[in-house]
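Trainee: Before I set up any calculation on this model, I would like to go through its architecture with you, one question at a time.
Mentor: Gladly; let us have it in view and begin with a single residue.

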Amino acid sequence: MKIKIAKDCGLCYGVKRALRMAQDTRKHTTGKVVTLGALIHNPQVISYLEKQAIFSIQSPDDTESGTVVIRSHGISPEIYERLKKKNIKIVDATCPIVQKIQQRVNNLAKEGEEIIIVGNKKHPESIGLIGYSRGKGIIIESEEQVKKLPKRTTRAVLAQSTQDPFLFERIVTTLKKRTGELKIFNTICQSTQTQQKATSELAEEVDILFVIGGKNSSNTNKLYHVSKRILPNTYFIEKAEEITPEMLQGSKIIGLSGGASTPPEAIQEAVVKIKSCFEYQIHTEKDIQCQS
Ligand code: SF4
């Protein structure tokens, strides 16, 4: 049995930076420290932060004092203004790459362009980006939605940083047929692209692949689909405990990958669990042999 871990996987620069900023803030602040929304889409890391007294709130209305940390996904200008009106300190941990996309949307909106954001409607980054579009943005999740758009002479298209590059390409191709002049900005983060490439390469080499991460992590979901397209024997799990000996039956090479919000501990725990499953299989076989 061999375990292979994707060359590039786990916490990205933006999430690590946001975690570090929140923990530094906690260390140097006496009052309440909260994050606006979960800092990271990973339940284990969230409970670790809660043990350090870093809790999350869902809306600016949920706090009147202390410090609010803005997570790597960023927020809309409207939410930022609502926070500024309160007697609270703001620590902006928006990923600098996301800030550049926000700036791009802002500039395109000033030019009066209709802006197509290829993203997930419910994802906080896309919700923040829409806020920068001054009513000129549309979030698109599928090619089918593009086909329903009216034809226009000009448009701009960009992507949520964690978007699947294949989906972005397909949407751009369909959008070109409905737009005279299409301004294309591939804003998919390099880290996302590298992780997706590493996971797809791994899926070619292994018998089974576990993508580890929070079920609400957009980026981890994308990795799962990227791998599933190549290797039907792909599982999306949140915790190592979900791996069972039955899943591993017949697999000689086992692959592991994790999204931008998956801490290295989660991958290591999966390695330990897989090793223990194989011991279990060997013991079980021995037991069977003894009985016969
Ligand atoms: S995936 Fe890229 S853009 Fe998104 S938070 Fe991580 S580093 Fe920043």
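This is a predicted model: local features need pLDDT of at least 70, side-chain atom pairs count only at pLDDT 80 or more; totals for chains, interfaces and linings use all residues.

Trainee: Is Leu39 buried or exposed?
Mentor: The criterion is a count of other C-beta atoms within 10 Å, with 20 or more required for a buried residue. For Leu39 the count is 26, and therefore the residue is classed as buried.

Trainee: Which residues is Leu39 in contact with, leaving aside its neighbours within four places in sequence?
Mentor: A residue that is 224 places away along the chain, Pro263, has its C-alpha atom separated from that of Leu39 by 13 Å. The contacts themselves, once the neighbours within four places are left aside, are Ala18, Leu19, Ala22, Leu49, Ser56, Val69 and Arg71.

Trainee: In what order do the four strands of the open sheet stand?
Mentor: β2 is joined to β4 (residues 67-70) by three bridges, and these two strands run parallel; within this pair, Val33 stands opposite Thr67. The four strands form an open sheet with parallel pairing, and their order is β3-β2-β4-β5.

Trainee: Which strands of that sheet stand at the edges, each with a single partner strand?
Mentor: Neighbouring strands in this sheet are turned by 30 degrees against each other on average, direction ignored. A strand with a single partner has one side left without a neighbour in the sheet, so the edges are formed by β3 (54-57) and β5 (89-92).

Trainee: Why is helix α5 described as largely enclosed by the rest of the structure, and how many of its residues are buried?
Mentor: The buried residues of α5 include Pro124, Glu125 and Tyr132, and the elements they pack against are α3 (77-84), α4 (96-110), β6 (115-118) and β7 (137-140). After the helix comes Arg134, with a positive phi near 50 degrees. The helix is called largely enclosed because the buried residues of α5 (residues 124-132) number nine of nine.

Trainee: Which element gives the largest share of the shell around the ligand?
Mentor: Of the 14 residues around the ligand, those that come nearest are Cys12, Gly14, Cys95, Ser161 and Cys189. By class the shell has eight nonpolar and six polar residues, with no charged ones. At least two residues each are supplied by α1 (13-27), α4 and α8 (190-205), and the largest share, three residues, comes from α1.

Trainee: How far apart do the C-alpha centres of domain 1 and domain 2 lie?
Mentor: The domain assignment divides the chain into domain 1 (2-9 + 191-291), domain 2 (13-94) and domain 3 (97-188), so that domain 1 is given in two segments. The C-alpha centres of domain 1 and domain 2 lie 31 Å apart.

Trainee: What share of the contacts with a separation of 6 or more joins residues 24 or more positions apart?
Mentor: The protein chain has eleven helices and twelve strands, and buried residues make up 42% of its 292 residues. Among the contacts with a separation of 6 or more, the share from residues 24 or more positions apart is 74%.

Terms used. Residues are numbered from 1 along each chain as its sequence is written. Domain bounds come from an automatic or database domain assignment. A residue is buried if 20 or more other C-beta atoms lie within 10 Å of its own, exposed if 12 or fewer, and partly exposed in between; C-beta atoms are placed from the backbone. Two residues are in contact if their C-beta atoms, placed from the backbone, lie within 7 Å. A residue is near a molecule or strand if its C-beta atom, placed from the backbone, lies within 6 Å of it. Ala, Val, Leu, Ile, Met, Phe, Trp, Tyr, Cys and Pro count as nonpolar, Asp, Glu, Lys and Arg as charged, and the others, Gly among them, as polar. Two strands pair if DSSP finds at least two bridges between them. Axes are lines fitted to C-alpha atoms, for helices over the stretch in contact, and angles run from 0 to 180 degrees between N-to-C directions.
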